[in-house]
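Here is a short note to read alongside the model. Please keep the sequence and the structure open as you go.

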Number of protein chains: 2
Amino acid sequence: MKSYVTMNKEELTNLVQELQIQYDHFKSQGLQLNMARGKPDFDQLGLSKDMLDVIDSQSEIPNDYLNYGILDGTLEAKEFFAEMLDVSKDNLIIYGNSSLNIMFDQISRGYTHGYMGATPWCQLDKIKFLCPVPGYDRHFAITEHFGIEMIPVPLNDNGPDMDVVEQYVNNDESVKGIWCVPQYSNPTGTTYSDETVKRFASLKPAAKDFRIFWDNAYCIHHLYSDKQDHVANIIKACEEAGNPDIVFEFCSTSKVTFPGSGVAAMATSKNNKQDILKHMTIQTIGHDKINQLRHVRYFKNIDGLMKHMEKQADVLRPKFEAVIEILDKELSGLDIASWSHPLGGYFVSFDAMEGCAKDIVNACKEAGVILTGAGATYPYGKDPKDSHIRIAPSYPTLDELKQAAQLFTLCVKLVSAKKTLESLH
Amino acid sequence: MKSYVTMNKEELTNLVQELQIQYDHFKSQGLQLNMARGKPDFDQLGLSKDMLDVIDSQSEIPNDYLNYGILDGTLEAKEFFAEMLDVSKDNLIIYGNSSLNIMFDQISRGYTHGYMGATPWCQLDKIKFLCPVPGYDRHFAITEHFGIEMIPVPLNDNGPDMDVVEQYVNNDESVKGIWCVPQYSNPTGTTYSDETVKRFASLKPAAKDFRIFWDNAYCIHHLYSDKQDHVANIIKACEEAGNPDIVFEFCSTSKVTFPGSGVAAMATSKNNKQDILKHMTIQTIGHDKINQLRHVRYFKNIDGLMKHMEKQADVLRPKFEAVIEILDKELSGLDIASWSHPLGGYFVSFDAMEGCAKDIVNACKEAGVILTGAGATYPYGKDPKDSHIRIAPSYPTLDELKQAAQLFTLCVKLVSAKKTLESLH
């Protein structure tokens, strides 16, 4: 493959023409594919259908699980998540079906009531959150919704740039939080290093109500059994650093069983837990304890859970490999892009030439392949380089995915060739 | 029975002595009973256990019900609640397991973002809610939590005193809402008259973001098949009055199937729905659609639902009748109390002599029977007459309930006799 940047005007002109013909041909096929969201496909969902058999009318169910109450979750569910996150059950609150909703509620609680006696954010002039980028669009949507100023922080191979994080957190009292996906980060697949976790735990926040929003969404979502990342335990690290109250850790079974019908949980210090329960007892009488029981009885223990995740990996891995194989084959050596080779999570992260991401996403869309909007992985949807694209291989079938990835690489080439040609004018 | 107020000092002194002996005897039995909360008992919960069989691994479940999405609820669930509330499915949002949580979220949303473009309440100096009294303590807890000033409004036999309601709502821009339980009201059992509903629908609020919080918790919770209340349709009434946007109507299956594992819903105008969904789409990706499907498939339609409620009434009715029979037998003619004879809902409402409620609740507690705290049915827990007590007959067994009611009447007599005697000094 010849690097585009080494091509002369004529070569590039011919290339653009040739790619345009291929693109028009693709377009004529009328594809309708979606690589936008990290949704499981039906095969993957099917792996959990047996869970619907473990509770029926003959099941022994504690009376109080059928009734109101048990605000912080059933004992079994707490024990289960305690094992999954390697924390004490006393650190846990088990919620309903959505960890996103827990995060929203935490932000909302900070805004309306404040954490552990701190001034509610709505009474302060300016609230800021740090946002490692590229990151998760739904995180950014929550902070934007509450009018919180978002400050992008570069996400490097070991995690967020901790010099920048420390500079802000330890000096600016208006910085109240940071969004983190510490393992198989959405979208880059990055896992924070032990050193990064240690530096997080050792922060000396200017704001006493600063919190790390540790969205450990992909903590057990490995693609390989022999090559795995494992982020260090933030709850323990913060305890050891004498900073037990600075972190909220979130997780769920949304991408383990059924998105929408899973169980979500939060781990945090006992002080935070107590503070949160005072608010929660006004908000609800309790979450769905039958569904909590259904999950625990289905998996039995952490071994059952991890076996289940291996089966899911068997569905997901070929999809990731297919996409990456096509990217490697079609784009290597062209000097127009780079992309991730993640070991887990739900995304392949793609960096196009500067100024090309929007055009690539649009070109895909016009040919029937929906990608996450360019810029979505940045606060306010603004990718300053217009370079990053998030690819979600989980939802299409393998055949569809190959078609979509093929079209994607074609669009990358076409847009990049045009751009390079323009730059010669 | 001789009225206490007609007794002389000697008669009352003897009466107090006699009642004290009976009370001490009760106390020695070491009862441990609870008539505090409107919780179903295990027999009643058992009536819904078959619901756990309707969805299993072999069930036909639409693929997208197993996945993320469908923010406002499944089509079947919307159709089901539309029939239950006699509204269009376009008026409905189907949520998770808790209508209390929906109400909390609505208040929180008013506070943080405001309704349909109105100023968020957190930016205003003073926010007020009208609270028909006696009312539901968890409603009052939400408004108190958000620092909203609560104004008690007398609840009469036809509903809240509408002269007072109109006076406040139509003239005071800081009045942003009113809490209503319009059918079999908690705790009085009152059902609002058609005229009351009409006056609600015809309010001309000074605040454009005033909303009626219409908690129709007991809309299908009749105790009798031949004697039933039916509150008029507030959604239609507001539409007809040209006021479609002034109401949020809440309901759930918490007291139909399993509290904690039910399905909750809100009906409101299309404008409100659109406004709410803009907020919800930031908060969550969707609620538990499998549980929505489970409920609809279990009941099939409104007839199935109403048959189920008749079975529940067969469990609840004897309990209500037992309590009321004991109240009638033990307290009639003494001129020391009055109590409700509800046709539905979950409570018997009891009015003691002024200044006696706290003492009665304490005397019961000391003898092992927990009642809802005196004052709980008033904003800030302050019953100005210290007179009202809420009795919840649903949770104890029939035998326990009879014991508890017997003790309760004894405590009422003892406290009232002492009080009457004191008044002679």
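Predicted model: local features only at pLDDT ≥ 70, side-chain atom pairs only at ≥ 80, totals over all residues.

1. Residues are numbered from 1 along each chain as its sequence is written, and chains are lettered from A in the order in which they are written.

2. Strand β7 of chain B spans residues 211–215. Strands (E, at least two residues) and helices (H or I, at least four) are DSSP runs, numbered from the N terminus. Five of the five residues of β7(B) are buried, meaning that 20 or more other C-beta atoms, placed from the backbone, lie within 10 Å of a residue's own.

3. In a regular strand the side chains alternate between the two faces of the sheet. R211(B), F213(B) and D215(B) point one way from β7(B), and I212(B) and W214(B) point the other way.

4. Strands β6(B) (residues 175–180) and β7(B) pair in the parallel sense over four bridges; pairing requires at least two DSSP bridges. Four bridges also join β7(B) to the parallel strand β8(B), residues 247–252. W214(B) is the bridge partner of C180(B) and of E249(B) in β8(B).

5. Chain A has 44 residues in contact with 44 residues of chain B, contact being C-beta atoms, placed from the backbone, within 7 Å. Helix α4(A) gives the most to this side of chain A, with six residues.

Terms used: Buried ≥ 20, exposed ≤ 12 C-beta atoms within 10 Å, placed from the backbone. Contact = placed C-beta atoms within 7 Å.
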